[in-house]
Amino acid sequence: MSTAEALAALLRGAKQVLVFTGAGISTGSGIPDFRGPAGIWTRRQPVTLQEFVASDAARREYWEMKLEAWPAFRDARPSATHRALALLERRGVVELVVTQNVDGLHQVAGTSRDRLVELHGTNRRVRCLDCSRREPPERCMSEYRATQTPPRCTSCGGFMRPDVVMFGELLDPALLERAFAAAARADLALALGSSLVVTPAAQVPLHSARRGTPYVIVNQGETPHDALATLRIDADVGEVLASAVSLL
């Protein structure tokens, strides 16, 4: 039995699948590996929320980094994994998709808002530090490119920021609670394209596994959860998941 066939067999018997996704599902979409050898973070130091609030220089550095990355996010299209997960939802077996990614591609592919938790936020929105007003990012990106001045809210004048979790900022407890509740209900947990080292996000599929739920990990490279996996596949996640879904 191939790995795709083994995964398909587990999917066939599931009715409430918890899906946990990481950066590996978006490499096929042209999203660069920001932590990799040529990533942005090899050239720029991450800016913490505290620095962003306190320092104009830090705000400029943050917006420079976001502007540099913006074309890749703006132009990215869903990968085979995003599309396969949207198809699984249409089959009625997805309990929740919980993602570490901020590219917004799950929704672009067709995953519905009520079946998605973006634990680290999304680059497809910006919001005001003061009044929390949200808008698409194009205005802020264009203004910063033209003026090199951190953009401000058109309603209250507060500083705008991408709607993502910054260094030094806690995850939204309501989103975490929703993710862990889905993990408790799931009858199958899939961890796709994640090294499973970033916490507390990586605790979500682990919560399912520790309850005895079958646990599938598809990732290129080892993870700290491998010993708990019912099925461990070290391969390109897009090829494996798309093949498995096509067998259903």
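Colleague: Which residue is the bridge partner of G121 in β6?

Modeller: Strands here are DSSP runs of E with at least two residues, helices are runs of H or I with at least four residues, and both are numbered from the N terminus. This is a predicted model, where local features need pLDDT of at least 70, side-chain atom pairs count only at pLDDT 80 or more, and totals for chains, interfaces and linings use all residues. Residues are numbered from 1 along each chain as its sequence is written, and side-chain values use heavy atoms, with hydrogens and water left out. Within β6, G121 has as its bridge partner V164.

Colleague: How many bridges join β4 to β6?

Modeller: Two strands pair if DSSP finds at least two bridges between them. β4 and β6 run antiparallel. The number of bridges joining them is five.

Colleague: In what order do the three strands of the open sheet come?

Modeller: The pairing is antiparallel. β5 (134-135) and β6 are the edge strands, each pairing on one side only. The order is β5-β4-β6.

Colleague: Which helix packs on the sheet, and what angle does its direction make with that of β6?

Modeller: The helix is α3, residues 56-75. Contact means heavy atoms within 4.5 Å, and α3 touches β4 and β6. Axes are lines fitted to C-alpha atoms, for helices over the stretch in contact, with angles from 0 to 180 degrees between N-to-C directions. For α3 and β6 the angle is about 50°.

Colleague: Which residue forms a salt bridge with D163?

Modeller: A salt bridge is a side-chain nitrogen of Lys or Arg within 4 Å of a carboxyl oxygen of Asp or Glu. For D163 the closest N and O atoms of the pair are 2.6 Å apart. The pair links distant parts of the chain, 36 residues apart, with D163 in β6 (160-164) and its partner in β4 (121-128). That partner is R127.

Colleague: Are D163 and R127 buried or exposed?

Modeller: Buried means under 20% relative accessible area, exposed over 50%, and partly exposed in between (1.4 Å probe, protein chains only). D163 and R127 also belong to a salt-bridge network with R125, R134, R161 and E169. Both D163 and R127 are buried.

Colleague: Why does D226 count as partly exposed?

Modeller: D226 meets R232 in a salt bridge, 2.7 Å from N to O. R232 is partly exposed at 25% relative accessibility. D226 counts as partly exposed because its relative accessibility is 22%.

Colleague: Which elements do the buried residues of α8 pack against?

Modeller: α8 covers residues 203-210, and its buried residues are V204, P205, L206, S208 and A209. After α8 comes G212, with a positive phi near 90°. The buried residues of α8 pack against β1 (17-21), β2 (94-99), α7 (173-185), β7 (188-192) and β8 (215-218).

Colleague: Which cysteine sulfur is nearest to that of C153?

Modeller: A disulfide is a pair of cysteine sulfur atoms within 2.5 Å, and the count is zero. C140 is in no disulfide, with the sulfur of C153 8.7 Å away. C153 is buried at 6% relative accessible area and is in no disulfide either. Its nearest cysteine sulfur, 3.8 Å away, is that of C131.
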